[in-house]
Amino acid sequence: MKITDIRTYLAHDGTRNNVFLQVTTDEGVTGVGEPYSIGPDEGILGTIENLKGWFIGQDPSRIEWLLRRAKNTMRFPLGQVAWSALSGIDHALWDIAGKAAGVPVYRLLGGAARDRVRVYHGIHGDTPEKCAENALARQAEGYSAFKMSPYGPGWSEKPWRYVVRHAAERLEAVRKAVGDGPELAVDVHATLRDAFRARELIEAMAPYRLMFVEEPVRPDLIETTARLRRETRVPIATGENLYGVARYSELMAIDGADIIQPDVLCCGGLHELKKICAVAEASYVSVAPHNPLGLLSTALSVHLAASINNFLILEFHSDHESPKARFVDEPWVPEGGYFELPTRPGIGMELDLAAIKGNPTRHWNRGFPRHADGSPAFI
Amino acid sequence: MKITRIEALVAGIEHRNQVFVRTHTDEGIHGVGEAYNVGPDLATVSWVDYFAEQLVGRDPTRIEQLWALAYQGARFPIGSSGMAALSGIEHSLWDITGKALDLPVYKLLGGRVRDRVPVYHGVHADDPGLLAEHALEKIEAIGIGAVKTNPLATTWRQGTWNDAIRTARARIAALRAAVGPDVDIGLDAHAAVWELPKALDLADSLAEYSPMFMEEPLRMENRHAMGELRKKMPFALATGECLYTKFEFEDLVRAQAADILQPDICICGGMMEMRKIAALAEGHDLVVAPHNPLGPLATVINVHFAAATSNFLILEYREPDSIERALVTETLKPKDGYVAIPDRPGWGIDIVEQAVKKHPYKNAWHRGDRVYPDGAVAFI
């Protein structure tokens, strides 16, 4: 079998772009993939356009070789654009391998290490009361683990003392609403630079028993995250901003996290993720994949979660209810907080090209938050 | 598909045993593997039976889960015979999965990253001239591109350490002169030295002959000392054959105790464990040169690993004797320093049961004793 083309698509879901691709072959088997929607998404399309000649005419089953060759040839650190592009191609190659063998992808990754895949649900609200309401609604749907932001709107322009107090109020409201049993996680979203502030925030929320605190500080210098792990008692999770196995080896070598959160859309794809999970497993660190983007991302993450021994829990945002659900043929829906394992060959999810083409790309950005003095904050 | 039976088959070969595992399924597909020949090999058979109790009735393609069932179910650190059994069983699951999907195993590992697999062969003789001759013979007759030898003569403990170094230098000088400047020479001190200054002295004394690596220059238990030594080494340090699972390799990597990792696929836990160890190595920019002194089946399994692993360096290869050849359906033959990658489903070779019956297990294998001149026990 030979690769004949890589086609890319951008579709706007009302909030942001979704980046999709298809790898086609001369035997009629087509694989689908989703690179991360990073912001300057045309950059991913341009990268794939530039490097697709390295893939066309090659055997799609040589996944490690094709991606290693591309990485080696690019020479410089890839960054989020190229890592996302190669991740998307990786997905499509695994999809083709699964379809060619007639089995779901997880069966090519060592087989199912579990029977179903547990998820936690994101909860949202501008006020503590709204958060509690949202959590109760999700709890009624069968979810027993949740993740929320510690911040209300406009937090970066408010006094730090207020931010810390308000974070505790949000957690208190949700904990009271859902009761003692469910697991609660908090996503600081890499908005803090200073370890001392992150520590103060974590300690204010700790009484409400946290499953983990995600990205409590900027991820660029992983030693700062490691420092928080040493200096606090709450499990520390990080990883969505780390690409490739080497960054995770650095993180493990300094005991930098209790839980890693690689994203299959930008960390290098499934073949890189298997390596990343192995590195974590050797240090008895578990994996809670980052999965905010969409349905194909969820499907890929379920395949990974099925195949690894050190999986903890998967992020989920009911994307089957969102406008982007129309971009795929069949949304996967969890039952009672778990996904069943898929049975269709390959990834088991196809793109709806008509819907994708009917929602063309639009300019988007994440907004530009600021501090009270006008200096840029982190999003 | 369900596992119906897992059996160990032990053959007595010329000087040691060969321990195979064969797993049967209700769909008529069977898979094979090789367990390390640890010495007390009946203990390995006993472990195979023990693990089989947990695994019979289960889907053989759920490799990650079945490995965890066995490993985590054992509770205590498993040790050599149990890890050998688990590794052999695990191989048989990959073989079954490959056959069921009609794919060579390397295609279940992300596909082929290379077209052929470089190999080296061990050479042995105390006398420098004989050692050189033996090396040339291997290169010409077997088609090997690189060699490995113990730098210390078998008699090294009988004289002073300075005598041992002088003899080692004479032997490696003769070897280098015979093979020329471009053939790789690996050195294997075989974990017989346990003092850091001696290991460093040995390495420094041989550096001028440009070795590829020094293997197990110190005892594997002492990872801290191995890390100290590696920082001072004049060339690459290789180790790992006595380590089990990703966990022990994680310790090794954290101690910065090796440039080249040498897990053995027949005792480290199997193929998936090798892949995880290779991932650890890749994340730290280290390479893997699998330890592979056993039979032709072990070699084929290693070749599938090497085919699919980017940070693979070179594979140990030992020419099988006539009994070993008879025990399997096919053996790989090196050419110009490389072996070809099999592309039949599964491993692509099988065990010949008739031959195993013809060469049955006779005894536990003893490696012999090594003693110092004063009668104290040395390492083998």
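A residue is called buried here when its relative accessible area is under 20%, exposed when it is over 50%, and partly exposed in between (1.4 Å probe, protein chains only). With that in mind, start by selecting chain B, where buried residues make up 63% of the 380 residues.

Before going further, a note on what is loaded. This is a predicted model, in which local features need pLDDT of at least 70 and side-chain atom pairs count only at pLDDT 80 or more, while totals for chains, interfaces and linings use all residues. Residues are numbered from 1 along each chain as its sequence is written, chains are lettered from A and ligands numbered from 1 in the order written, and side-chain values use heavy atoms, with hydrogens and water left out.

**Stop 1: chain B as a whole**

Show chain B as a cartoon. You will find 12 helices and 12 strands; these are DSSP runs (helices H or I, at least four residues; strands E, at least two), numbered from the N terminus. Along its principal axes the C-alpha trace spans about 60 × 45 × 45 Å.

**Stop 2: helix α2 of chain B**

Now select residues 63–73 of chain B, helix α2. Among its buried residues are Ile63(B), Leu66(B) and Trp67(B), and also Glu64(B). Step just past the helix to Arg75(B), which takes a positive phi of about 65°.

**Stop 3: the interface**

Bring chain A back and select the residues in contact (heavy atoms within 4.5 Å): 36 from chain A and 31 from chain B. The area buried between the two chains is about 2800 Å², with carbon and sulfur atoms giving 51%; this is the accessible area (1.4 Å probe) that two parts lose on being put together, summed over both. Highlight Arg62(A), Arg107(A) and Ala282(A), which supply 18% of the area that chain A buries against chain B, more than any other three residues.

How many salt bridges does the rule find across the interface of chain A and chain B? There are 7, each a side-chain nitrogen of Lys or Arg within 4 Å of a carboxyl oxygen of Asp or Glu. Zoom in on one between Asp115(A) and Arg62(B), at 2.8 Å from N to O. Next, colour the elements of chain A that give two or more residues to this side: α2 (63–74), α3 (79–101), α8 (244–253) and α9 (270–282). Of these, α9(A) gives the most, with 6 residues.

**Stop 4: salt bridges within each chain**

In chain A, pick Arg247(A) and Glu250(A), whose closest N and O atoms are 2.8 Å apart in a salt bridge. They sit 3 residues apart in helix α8 of chain A, so about one helical turn separates them. Arg247(A) is partly exposed at 24% relative accessibility, and Glu250(A) is partly exposed at 40%.

In chain B, select Arg223(B) and Asp251(B), a salt bridge of 3.2 Å, N to O. Arg223(B) lies in α7 and Asp251(B) in α8 of chain B, so the pair ties together parts 28 residues apart in sequence.

Finish at Arg5(B) and Glu7(B), which meet in a salt bridge at 3.3 Å, N to O. Arg5(B) is partly exposed at 42%, whereas Glu7(B) is buried at 15%.
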